[in-house]
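Please study the protein chain shown below, and then work through the exercises that follow it.

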Amino acid sequence: MDVRSIFTADSLLGAEPGHVIGGARRTEGSGDPLPVVNPATGEHVANVPSASAELVAEAVSLAVQAQREWGRRSHTQRAQVLRSIHTLLGEHAEEIGRIVAVEQGKPFRDAVGEIGGAQNFFEFAISQQYREIGEVLATESGEQLTVREVPIGVVGVILPWNFPAAIFARKVAPALMAGNAIVVKPSEFTPLSAMALAELCRRAGVPDGLVSVVCGPGRQTGAALVDHPDVGMITMTGSTRGGREIMRQAAEKLIPVSLELGGKAPFIVFPDADLDRAAKDAVDARLWNAGQVCTCNEITYVHEDVRDEFLERVRAHLRAVEPKDPFDPSSALGPLVADREWNKVKSMVDRAVEQGATLEMGGGRPEGEEFATGNWFAPTLLTGVTAEMDIARSEVFGPVLSLTTFASYDEVVARANATPYGLSAYVYSRNLHTVMRALDDLEFGEIYVNKAGPERPQGFHTGWKDSGLGGDDGVHGYERYVRRKTAYVGYGPEYGE
(Lines give C-alpha, C1' and ligand atoms only; values in the text may rest on other atoms or scores of the structure.)
Protein backbone atom coordinates (compact mmCIF):
# COMPACT_ATOMS: atom_id res chain seq x y z
CA MET A 1 0.00 0.00 0.00
CA ASP A 2 1.17 3.53 -0.83
CA VAL A 3 1.04 5.18 2.59
CA ARG A 4 0.66 8.62 1.02
CA SER A 5 -2.77 7.54 -0.26
CA ILE A 6 -4.22 8.50 3.12
CA PHE A 7 -3.58 12.15 2.17
CA THR A 8 -5.97 13.40 -0.52
CA ALA A 9 -7.85 16.65 -0.97
CA ASP A 10 -11.19 15.12 0.03
CA SER A 11 -9.93 12.72 2.72
CA LEU A 12 -10.38 13.24 6.43
CA LEU A 13 -6.70 14.17 6.67
CA GLY A 14 -6.66 16.45 3.65
CA ALA A 15 -3.51 16.85 1.58
CA GLU A 16 -1.21 17.49 4.55
CA PRO A 17 -1.42 16.88 8.31
CA GLY A 18 -1.76 19.63 10.87
CA HIS A 19 -3.39 20.63 14.14
CA VAL A 20 -7.18 20.99 14.13
CA ILE A 21 -8.15 24.20 15.92
CA GLY A 22 -11.47 25.99 15.66
CA GLY A 23 -12.53 23.64 12.88
CA ALA A 24 -9.53 24.59 10.69
CA ARG A 25 -6.29 22.80 9.83
CA ARG A 26 -3.22 24.61 11.18
CA THR A 27 0.35 23.79 10.18
CA GLU A 28 2.42 26.23 12.24
CA GLY A 29 4.75 24.66 14.75
CA SER A 30 7.30 25.28 17.46
CA GLY A 31 10.63 23.49 17.26
CA ASP A 32 11.30 20.45 15.11
CA PRO A 33 8.33 18.71 13.48
CA LEU A 34 7.43 15.20 14.62
CA PRO A 35 8.03 12.44 12.07
CA VAL A 36 5.29 9.83 11.64
CA VAL A 37 6.85 6.49 10.65
CA ASN A 38 5.18 3.32 9.38
CA PRO A 39 6.18 0.70 11.99
CA ALA A 40 5.91 -2.16 9.48
CA THR A 41 8.45 -0.75 7.01
CA GLY A 42 10.26 2.13 8.68
CA GLU A 43 8.96 4.34 5.88
CA HIS A 44 8.50 8.04 6.62
CA VAL A 45 4.80 8.93 6.34
CA ALA A 46 4.57 12.60 7.28
CA ASN A 47 5.90 15.40 9.42
CA VAL A 48 3.54 16.82 12.02
CA PRO A 49 4.07 20.26 13.61
CA SER A 50 4.49 20.66 17.36
CA ALA A 51 2.08 23.11 18.99
CA SER A 52 3.52 25.96 21.00
CA ALA A 53 2.03 27.03 24.32
CA GLU A 54 0.45 29.97 22.45
CA LEU A 55 -1.28 27.66 19.98
CA VAL A 56 -2.56 25.48 22.83
CA ALA A 57 -3.90 28.62 24.51
CA GLU A 58 -5.72 29.57 21.30
CA ALA A 59 -7.33 26.14 21.11
CA VAL A 60 -8.44 26.38 24.74
CA SER A 61 -9.81 29.91 24.23
CA LEU A 62 -11.92 28.75 21.28
CA ALA A 63 -13.05 25.74 23.31
CA VAL A 64 -14.27 28.02 26.13
CA GLN A 65 -16.34 30.02 23.65
CA ALA A 66 -17.80 26.97 21.91
CA GLN A 67 -18.63 25.22 25.19
CA ARG A 68 -20.90 28.04 26.39
CA GLU A 69 -23.42 27.36 23.64
CA TRP A 70 -22.93 23.58 23.61
CA GLY A 71 -23.42 23.33 27.37
CA ARG A 72 -26.80 25.05 27.06
CA ARG A 73 -28.07 22.46 24.58
CA SER A 74 -30.29 19.70 25.89
CA HIS A 75 -29.01 16.15 26.18
CA THR A 76 -31.30 15.18 23.31
CA GLN A 77 -29.82 17.85 21.07
CA ARG A 78 -26.29 16.75 21.90
CA ALA A 79 -27.24 13.14 21.25
CA GLN A 80 -28.36 14.04 17.73
CA VAL A 81 -24.87 15.31 16.92
CA LEU A 82 -23.23 12.26 18.50
CA ARG A 83 -25.50 10.04 16.43
CA SER A 84 -24.19 11.73 13.30
CA ILE A 85 -20.62 11.02 14.45
CA HIS A 86 -21.58 7.38 15.04
CA THR A 87 -22.96 7.14 11.50
CA LEU A 88 -19.92 8.77 9.90
CA LEU A 89 -17.60 6.44 11.81
CA GLY A 90 -19.29 3.52 10.09
CA GLU A 91 -19.06 5.19 6.68
CA HIS A 92 -15.37 6.04 7.11
CA ALA A 93 -14.31 2.91 9.01
CA GLU A 94 -11.96 1.67 6.31
CA GLU A 95 -10.40 5.10 5.74
CA ILE A 96 -9.68 5.62 9.44
CA GLY A 97 -8.61 1.98 9.73
CA ARG A 98 -6.00 2.56 7.03
CA ILE A 99 -4.67 5.56 8.93
CA VAL A 100 -4.44 3.57 12.18
CA ALA A 101 -2.74 0.62 10.44
CA VAL A 102 -0.21 2.92 8.75
CA GLU A 103 0.80 4.92 11.82
CA GLN A 104 0.34 2.33 14.58
CA GLY A 105 1.12 -0.94 12.75
CA LYS A 106 -1.77 -3.17 13.78
CA PRO A 107 -3.38 -5.43 11.15
CA PHE A 108 -5.82 -3.51 8.98
CA ARG A 109 -8.73 -5.78 9.91
CA ASP A 110 -8.03 -5.10 13.60
CA ALA A 111 -7.79 -1.37 12.89
CA VAL A 112 -11.21 -1.44 11.21
CA GLY A 113 -12.48 -3.37 14.23
CA GLU A 114 -11.11 -0.59 16.43
CA ILE A 115 -13.39 1.84 14.61
CA GLY A 116 -16.29 -0.43 15.51
CA GLY A 117 -15.18 -0.09 19.12
CA ALA A 118 -15.15 3.68 18.71
CA GLN A 119 -18.74 3.49 17.49
CA ASN A 120 -19.67 1.52 20.61
CA PHE A 121 -18.34 4.28 22.85
CA PHE A 122 -20.44 6.86 21.02
CA GLU A 123 -23.45 4.55 21.16
CA PHE A 124 -23.21 4.29 24.94
CA ALA A 125 -22.73 8.05 25.29
CA ILE A 126 -25.85 8.62 23.19
CA SER A 127 -27.83 6.45 25.61
CA GLN A 128 -27.10 9.00 28.34
CA GLN A 129 -29.63 11.39 26.80
CA TYR A 130 -32.17 9.63 29.03
CA ARG A 131 -30.17 9.64 32.26
CA GLU A 132 -31.21 11.31 35.47
CA ILE A 133 -29.31 14.59 35.59
CA GLY A 134 -30.13 15.63 39.11
CA GLU A 135 -31.93 14.97 42.36
CA VAL A 136 -34.66 16.67 44.35
CA LEU A 137 -34.05 16.06 48.06
CA ALA A 138 -36.42 16.30 51.00
CA THR A 139 -36.13 19.54 52.95
CA GLU A 140 -38.31 22.08 54.80
CA SER A 141 -41.81 22.98 53.62
CA GLY A 142 -41.70 25.79 51.06
CA GLU A 143 -38.17 24.97 49.99
CA GLN A 144 -36.71 22.93 47.15
CA LEU A 145 -33.26 21.37 47.40
CA THR A 146 -31.74 20.16 44.12
CA VAL A 147 -28.40 18.68 43.12
CA ARG A 148 -27.82 18.98 39.37
CA GLU A 149 -25.20 17.69 36.97
CA VAL A 150 -23.46 20.43 34.98
CA PRO A 151 -20.54 20.28 32.51
CA ILE A 152 -16.97 20.78 33.69
CA GLY A 153 -16.19 23.12 30.80
CA VAL A 154 -13.00 22.36 28.87
CA VAL A 155 -11.50 18.86 29.14
CA GLY A 156 -7.88 18.21 28.21
CA VAL A 157 -7.39 14.76 26.67
CA ILE A 158 -4.01 12.98 26.51
CA LEU A 159 -4.14 9.98 24.16
CA PRO A 160 -1.92 6.88 23.95
CA TRP A 161 -0.66 5.30 20.73
CA ASN A 162 -1.94 1.73 21.10
CA PHE A 163 -5.63 2.42 20.34
CA PRO A 164 -5.55 5.96 18.98
CA ALA A 165 -9.04 5.92 17.46
CA ALA A 166 -10.93 3.90 20.07
CA ILE A 167 -9.55 5.83 23.03
CA PHE A 168 -10.26 9.14 21.27
CA ALA A 169 -13.90 8.01 21.19
CA ARG A 170 -13.75 6.58 24.71
CA LYS A 171 -12.95 10.02 26.09
CA VAL A 172 -14.50 12.45 23.60
CA ALA A 173 -17.92 10.76 23.43
CA PRO A 174 -18.85 11.04 27.14
CA ALA A 175 -17.18 14.45 27.44
CA LEU A 176 -19.27 15.82 24.55
CA MET A 177 -22.46 14.20 25.78
CA ALA A 178 -21.95 15.77 29.20
CA GLY A 179 -21.74 19.23 27.60
CA ASN A 180 -17.99 19.83 27.55
CA ALA A 181 -15.48 21.08 24.99
CA ILE A 182 -12.36 19.00 24.37
CA VAL A 183 -8.75 19.72 23.42
CA VAL A 184 -6.92 16.52 22.44
CA LYS A 185 -3.16 15.95 22.60
CA PRO A 186 -2.46 12.70 20.69
CA SER A 187 0.64 10.56 21.00
CA GLU A 188 3.64 11.70 18.95
CA PHE A 189 3.61 8.25 17.28
CA THR A 190 -0.05 8.32 16.19
CA PRO A 191 -1.32 11.88 15.65
CA LEU A 192 -2.99 11.30 12.28
CA SER A 193 -6.01 9.34 13.51
CA ALA A 194 -6.90 12.10 16.00
CA MET A 195 -6.75 14.69 13.22
CA ALA A 196 -9.01 12.55 11.04
CA LEU A 197 -11.51 12.01 13.86
CA ALA A 198 -11.62 15.73 14.66
CA GLU A 199 -12.45 16.42 11.01
CA LEU A 200 -15.12 13.72 11.11
CA CYS A 201 -16.64 15.43 14.17
CA ARG A 202 -16.75 18.71 12.25
CA ARG A 203 -18.52 17.06 9.33
CA ALA A 204 -21.02 15.54 11.77
CA GLY A 205 -22.06 18.99 13.02
CA VAL A 206 -19.86 19.47 16.07
CA PRO A 207 -19.48 23.27 16.43
CA ASP A 208 -16.09 24.71 15.51
CA GLY A 209 -13.77 24.93 18.50
CA LEU A 210 -15.59 22.25 20.49
CA VAL A 211 -13.13 19.47 19.53
CA SER A 212 -9.55 20.53 18.76
CA VAL A 213 -6.34 18.55 18.28
CA VAL A 214 -2.94 19.96 19.20
CA CYS A 215 0.09 17.82 18.38
CA GLY A 216 3.47 17.73 20.04
CA PRO A 217 5.55 16.08 22.75
CA GLY A 218 4.07 15.59 26.18
CA ARG A 219 6.63 17.72 28.01
CA GLN A 220 5.84 20.68 25.74
CA THR A 221 2.35 20.51 24.28
CA GLY A 222 0.88 18.23 26.92
CA ALA A 223 2.29 20.29 29.77
CA ALA A 224 0.88 23.49 28.25
CA LEU A 225 -2.55 21.87 28.05
CA VAL A 226 -2.51 20.62 31.64
CA ASP A 227 -1.25 23.96 32.94
CA HIS A 228 -3.77 26.17 31.14
CA PRO A 229 -6.02 27.90 33.69
CA ASP A 230 -9.20 27.34 31.64
CA VAL A 231 -8.78 23.55 31.41
CA GLY A 232 -11.04 22.10 34.09
CA MET A 233 -10.16 18.41 33.88
CA ILE A 234 -7.48 16.14 32.43
CA THR A 235 -8.17 12.61 31.23
CA MET A 236 -5.16 10.57 30.22
CA THR A 237 -4.41 7.01 29.14
CA GLY A 238 -0.75 6.08 29.14
CA SER A 239 2.20 5.14 31.31
CA THR A 240 2.27 5.29 35.09
CA ARG A 241 5.25 7.64 34.88
CA GLY A 242 3.31 10.04 32.65
CA GLY A 243 0.26 9.78 34.87
CA ARG A 244 2.26 10.79 37.93
CA GLU A 245 3.63 13.85 36.11
CA ILE A 246 0.13 14.93 35.06
CA MET A 247 -1.23 14.42 38.55
CA ARG A 248 1.53 16.60 40.00
CA GLN A 249 0.75 19.36 37.49
CA ALA A 250 -3.00 19.11 38.00
CA ALA A 251 -2.58 19.28 41.77
CA GLU A 252 -1.36 22.86 41.42
CA LYS A 253 -4.76 23.78 39.93
CA LEU A 254 -6.84 21.39 42.07
CA ILE A 255 -8.64 20.01 39.02
CA PRO A 256 -9.93 16.44 38.63
CA VAL A 257 -7.94 13.88 36.68
CA SER A 258 -8.89 10.51 35.20
CA LEU A 259 -5.82 8.34 34.72
CA GLU A 260 -5.82 4.94 32.96
CA LEU A 261 -2.26 3.73 33.37
CA GLY A 262 -0.13 0.60 33.07
CA GLY A 263 -0.89 -2.95 34.05
CA LYS A 264 0.70 -6.28 34.89
CA ALA A 265 -2.22 -8.65 34.40
CA PRO A 266 -1.83 -12.12 35.89
CA PHE A 267 -3.39 -14.96 33.89
CA ILE A 268 -4.13 -17.70 36.43
CA VAL A 269 -4.89 -21.25 35.27
CA PHE A 270 -6.13 -23.54 38.06
CA PRO A 271 -5.87 -27.35 37.68
CA ASP A 272 -9.60 -27.78 36.95
CA ALA A 273 -9.63 -25.21 34.11
CA ASP A 274 -10.65 -25.95 30.53
CA LEU A 275 -7.06 -26.13 29.26
CA ASP A 276 -7.95 -25.81 25.58
CA ARG A 277 -9.80 -22.56 26.16
CA ALA A 278 -7.29 -21.25 28.69
CA ALA A 279 -4.30 -21.86 26.40
CA LYS A 280 -5.95 -20.18 23.42
CA ASP A 281 -7.03 -17.20 25.52
CA ALA A 282 -3.60 -16.93 27.15
CA VAL A 283 -2.01 -16.52 23.71
CA ASP A 284 -4.75 -14.25 22.36
CA ALA A 285 -4.59 -12.04 25.45
CA ARG A 286 -0.81 -11.81 25.10
CA LEU A 287 -0.54 -11.17 21.34
CA TRP A 288 -3.49 -8.80 20.94
CA ASN A 289 -2.14 -5.65 19.25
CA ALA A 290 1.34 -7.25 19.38
CA GLY A 291 1.11 -7.28 23.17
CA GLN A 292 0.76 -3.51 23.32
CA VAL A 293 -2.32 -3.38 25.56
CA CYS A 294 -2.42 -2.50 29.24
CA THR A 295 -4.82 -5.41 29.85
CA CYS A 296 -2.60 -7.99 28.12
CA ASN A 297 -1.72 -11.27 29.79
CA GLU A 298 1.55 -10.12 31.33
CA ILE A 299 2.45 -13.30 33.22
CA THR A 300 0.80 -16.71 33.00
CA TYR A 301 0.51 -18.66 36.25
CA VAL A 302 -0.34 -22.33 35.61
CA HIS A 303 -0.81 -24.95 38.31
CA GLU A 304 2.14 -27.33 38.45
CA ASP A 305 -0.14 -30.40 37.99
CA VAL A 306 -1.23 -29.28 34.50
CA ARG A 307 1.86 -27.34 33.44
CA ASP A 308 3.05 -29.73 30.72
CA GLU A 309 -0.40 -30.21 29.13
CA PHE A 310 -1.04 -26.48 29.15
CA LEU A 311 2.41 -25.62 27.77
CA GLU A 312 1.97 -28.02 24.85
CA ARG A 313 -1.24 -26.23 23.87
CA VAL A 314 0.35 -22.79 24.27
CA ARG A 315 3.26 -23.74 22.01
CA ALA A 316 0.84 -24.87 19.30
CA HIS A 317 -1.15 -21.63 19.43
CA LEU A 318 1.98 -19.47 19.36
CA ARG A 319 3.41 -21.36 16.39
CA ALA A 320 0.18 -20.75 14.48
CA VAL A 321 0.56 -16.96 14.69
CA GLU A 322 2.72 -15.58 11.89
CA PRO A 323 3.73 -11.91 11.71
CA LYS A 324 2.52 -10.45 8.40
CA ASP A 325 2.12 -7.18 6.54
CA PRO A 326 -0.74 -5.36 8.30
CA PHE A 327 -2.56 -5.07 4.97
CA ASP A 328 -2.43 -8.83 4.31
CA PRO A 329 -6.02 -10.02 4.94
CA SER A 330 -4.72 -12.95 7.00
CA SER A 331 -2.44 -10.83 9.21
CA ALA A 332 -2.93 -11.41 12.92
CA LEU A 333 0.28 -9.88 14.29
CA GLY A 334 1.79 -6.57 13.27
CA PRO A 335 4.99 -4.83 14.38
CA LEU A 336 5.68 -2.85 17.52
CA VAL A 337 4.90 0.84 17.20
CA ALA A 338 8.46 2.21 17.28
CA ASP A 339 12.10 1.13 17.40
CA ARG A 340 12.23 2.49 20.95
CA GLU A 341 9.59 -0.05 21.97
CA TRP A 342 11.35 -2.85 20.06
CA ASN A 343 14.59 -2.19 21.88
CA LYS A 344 12.83 -2.12 25.24
CA VAL A 345 11.11 -5.48 24.68
CA LYS A 346 14.30 -7.07 23.33
CA SER A 347 16.30 -5.94 26.36
CA MET A 348 13.63 -7.32 28.72
CA VAL A 349 13.70 -10.73 27.03
CA ASP A 350 17.50 -10.84 27.02
CA ARG A 351 17.58 -9.86 30.68
CA ALA A 352 15.08 -12.59 31.57
CA VAL A 353 17.31 -15.21 29.92
CA GLU A 354 20.33 -13.83 31.79
CA GLN A 355 18.36 -14.21 35.03
CA GLY A 356 17.55 -17.86 34.33
CA ALA A 357 14.39 -17.99 32.19
CA THR A 358 14.27 -20.44 29.27
CA LEU A 359 13.65 -18.98 25.80
CA GLU A 360 11.38 -21.55 24.15
CA MET A 361 10.70 -19.60 20.95
CA GLY A 362 11.08 -16.15 19.41
CA GLY A 363 13.10 -13.58 21.31
CA GLY A 364 13.75 -11.07 18.55
CA ARG A 365 13.17 -10.25 14.89
CA PRO A 366 11.34 -12.93 12.85
CA GLU A 367 13.23 -14.64 10.05
CA GLY A 368 12.66 -13.42 6.52
CA GLU A 369 13.57 -10.49 4.27
CA GLU A 370 10.18 -8.88 4.76
CA PHE A 371 11.03 -8.35 8.45
CA ALA A 372 14.46 -6.81 7.90
CA THR A 373 13.03 -3.31 8.27
CA GLY A 374 10.33 -2.10 10.60
CA ASN A 375 9.76 -3.01 14.23
CA TRP A 376 8.85 -6.67 13.94
CA PHE A 377 9.10 -8.90 17.01
CA ALA A 378 8.43 -12.63 16.82
CA PRO A 379 5.91 -14.33 19.13
CA THR A 380 8.03 -15.22 22.14
CA LEU A 381 7.68 -17.80 24.89
CA LEU A 382 9.64 -17.72 28.14
CA THR A 383 9.32 -20.49 30.73
CA GLY A 384 10.85 -20.90 34.14
CA VAL A 385 10.07 -17.28 34.99
CA THR A 386 10.38 -16.53 38.70
CA ALA A 387 9.06 -13.71 40.85
CA GLU A 388 12.54 -12.21 41.27
CA MET A 389 13.07 -11.63 37.55
CA ASP A 390 12.64 -8.14 36.11
CA ILE A 391 10.21 -9.41 33.48
CA ALA A 392 7.89 -10.71 36.22
CA ARG A 393 7.62 -7.22 37.73
CA SER A 394 7.69 -4.72 34.85
CA GLU A 395 5.13 -4.20 32.10
CA VAL A 396 6.44 -5.76 28.86
CA PHE A 397 4.20 -4.26 26.14
CA GLY A 398 5.29 -6.77 23.51
CA PRO A 399 4.38 -10.25 22.18
CA VAL A 400 6.16 -12.09 25.00
CA LEU A 401 4.36 -14.80 26.97
CA SER A 402 6.05 -15.42 30.31
CA LEU A 403 5.05 -18.64 32.07
CA THR A 404 5.51 -19.71 35.67
CA THR A 405 3.98 -22.39 37.90
CA PHE A 406 2.28 -22.39 41.28
CA ALA A 407 1.30 -25.04 43.82
CA SER A 408 -1.62 -23.56 45.80
CA TYR A 409 -4.40 -20.98 45.71
CA ASP A 410 -2.85 -18.89 48.48
CA GLU A 411 0.53 -18.86 46.75
CA VAL A 412 -0.74 -17.67 43.38
CA VAL A 413 -2.99 -14.96 44.82
CA ALA A 414 -0.14 -13.60 46.92
CA ARG A 415 2.22 -13.57 43.93
CA ALA A 416 -0.36 -11.96 41.64
CA ASN A 417 -1.14 -9.24 44.18
CA ALA A 418 2.55 -8.49 44.76
CA THR A 419 2.70 -6.32 41.63
CA PRO A 420 2.40 -2.55 42.13
CA TYR A 421 -0.16 -2.53 39.32
CA GLY A 422 -3.84 -3.32 39.71
CA LEU A 423 -5.65 -3.04 36.38
CA SER A 424 -6.76 -6.41 34.97
CA ALA A 425 -6.51 -10.07 35.93
CA TYR A 426 -7.66 -13.37 34.40
CA VAL A 427 -8.91 -16.45 36.25
CA TYR A 428 -9.57 -19.86 34.67
CA SER A 429 -11.37 -22.45 36.78
CA ARG A 430 -14.55 -24.54 36.62
CA ASN A 431 -14.90 -24.38 40.41
CA LEU A 432 -17.35 -21.70 41.56
CA HIS A 433 -15.80 -21.64 45.03
CA THR A 434 -12.35 -20.91 43.57
CA VAL A 435 -13.69 -18.26 41.21
CA MET A 436 -15.63 -16.38 43.87
CA ARG A 437 -12.70 -16.44 46.29
CA ALA A 438 -10.45 -15.06 43.56
CA LEU A 439 -12.92 -12.26 42.79
CA ASP A 440 -12.75 -11.29 46.46
CA ASP A 441 -8.99 -11.69 46.92
CA LEU A 442 -7.37 -10.34 43.74
CA GLU A 443 -6.45 -6.65 44.04
CA PHE A 444 -7.37 -5.54 40.54
CA GLY A 445 -10.06 -3.22 39.23
CA GLU A 446 -11.14 -5.54 36.41
CA ILE A 447 -11.22 -9.36 36.43
CA TYR A 448 -12.07 -11.72 33.57
CA VAL A 449 -13.23 -15.24 34.44
CA ASN A 450 -12.89 -18.00 31.84
CA LYS A 451 -12.73 -15.41 29.07
CA ALA A 452 -10.39 -12.83 27.61
CA GLY A 453 -11.22 -9.18 26.88
CA PRO A 454 -11.87 -6.65 25.62
CA GLU A 455 -13.89 -4.65 28.13
CA ARG A 456 -17.42 -3.48 27.28
CA PRO A 457 -18.39 0.20 26.98
CA GLN A 458 -21.13 -0.21 29.60
CA GLY A 459 -18.64 -1.62 32.13
CA PHE A 460 -16.04 0.35 34.07
CA HIS A 461 -12.39 -0.05 33.05
CA THR A 462 -10.62 1.19 36.15
CA GLY A 463 -7.31 0.45 37.77
CA TRP A 464 -6.11 0.20 41.34
CA LYS A 465 -2.70 1.09 42.78
CA ASP A 466 -0.17 2.17 40.11
CA SER A 467 -2.71 1.48 37.37
CA GLY A 468 -4.31 4.84 38.00
CA LEU A 469 -7.65 6.17 39.07
CA GLY A 470 -10.87 6.98 37.31
CA GLY A 471 -11.92 5.49 34.00
CA ASP A 472 -14.09 6.54 31.07
CA ASP A 473 -16.51 3.64 30.52
CA GLY A 474 -20.13 3.20 31.50
CA VAL A 475 -22.11 5.41 33.83
CA HIS A 476 -19.23 5.60 36.32
CA GLY A 477 -16.93 6.88 33.59
CA TYR A 478 -19.52 9.33 32.29
CA GLU A 479 -19.84 10.86 35.74
CA ARG A 480 -16.17 11.85 35.62
CA TYR A 481 -17.14 14.47 33.02
CA VAL A 482 -19.72 16.32 35.12
CA ARG A 483 -19.65 18.30 38.33
CA ARG A 484 -22.55 18.94 40.66
CA LYS A 485 -24.31 22.13 41.60
CA THR A 486 -26.58 22.31 44.65
CA ALA A 487 -29.43 24.84 44.79
CA TYR A 488 -31.71 25.79 47.70
CA VAL A 489 -34.85 27.54 46.49
CA GLY A 490 -37.27 29.13 48.94
CA TYR A 491 -40.73 29.63 47.43
CA GLY A 492 -43.22 29.31 50.32
CA PRO A 493 -45.29 32.15 51.83
CA GLU A 494 -42.56 33.00 54.32
CA TYR A 495 -40.31 33.98 51.41
CA GLY A 496 -42.79 36.54 50.05
CA GLU A 497 -44.67 36.72 46.82
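The exercises below treat the chain as a whole, its cores, a helix and a sheet.

The model is predicted, so local features need pLDDT of at least 70, side-chain atom pairs count only at pLDDT 80 or more, and totals for chains, interfaces and linings use all residues. Residues are numbered from 1 along each chain as its sequence is written, and side-chain values use heavy atoms, with hydrogens and water left out.

**Exercise 1. Describe the overall build of the chain.**

Step 1. The secondary structure comes to 14 helices and 22 strands; helices (H or I, at least four residues) and strands (E, at least two) are DSSP runs, numbered from the N terminus.

Step 2. The C-alpha trace spans about 85 × 60 × 40 Å along its principal axes.

Step 3. Of the 497 residues, 57% count as buried, where buried means under 20% relative accessible area with a 1.4 Å probe, protein chains only.

**Exercise 2. Identify the nonpolar cores.**

Step 1. A nonpolar core is a set of buried Ala, Val, Leu, Ile, Met, Phe, Trp, Tyr and Cys residues joined through side-chain atoms within 4.5 Å.

Step 2. The largest one has 94 residues, and V45, I85, L89, I96, F168, L176 and L192 have the most contacts inside it. Helix α5 (residues 164-177) supplies the largest share of this core, 10 residues.

Step 3. A second, separate core of 57 residues includes I268, L275, A352 and A416.

**Exercise 3. Characterise helix α5.**

Step 1. From its first C-alpha to its last, α5, with 14 residues, reaches 20 Å, close to the 20 Å expected at 1.5 Å a residue; the expected span is 1.5 Å times one less than the number of residues.

Step 2. Is α5 mostly covered or uncovered? It is mostly covered, as 14 of its 14 residues are buried.

Step 3. Just after α5, G179 takes a positive phi of about 100°.

**Exercise 4. Trace the sheet of seven strands.**

Step 1. This open sheet has the order β14-β15-β16-β13-β12-β18-β19, with mixed pairing; two strands pair if DSSP finds at least two bridges between them.

Step 2. Why is one side of β14 (358-361) and of β19 (446-449) left without a neighbour in the sheet? Both strands stand at the edges, and each has a single partner strand, so one side of each remains without a neighbour there.

Step 3. Strands β12 (residues 265-269) and β18 (residues 424-428) run parallel and are joined by three bridges. Within this pair, I268 of the second core stands opposite V427 in β18.

Key: Buried < 20%, exposed > 50% of the residue type's maximum accessible area, 1.4 Å probe, protein only.
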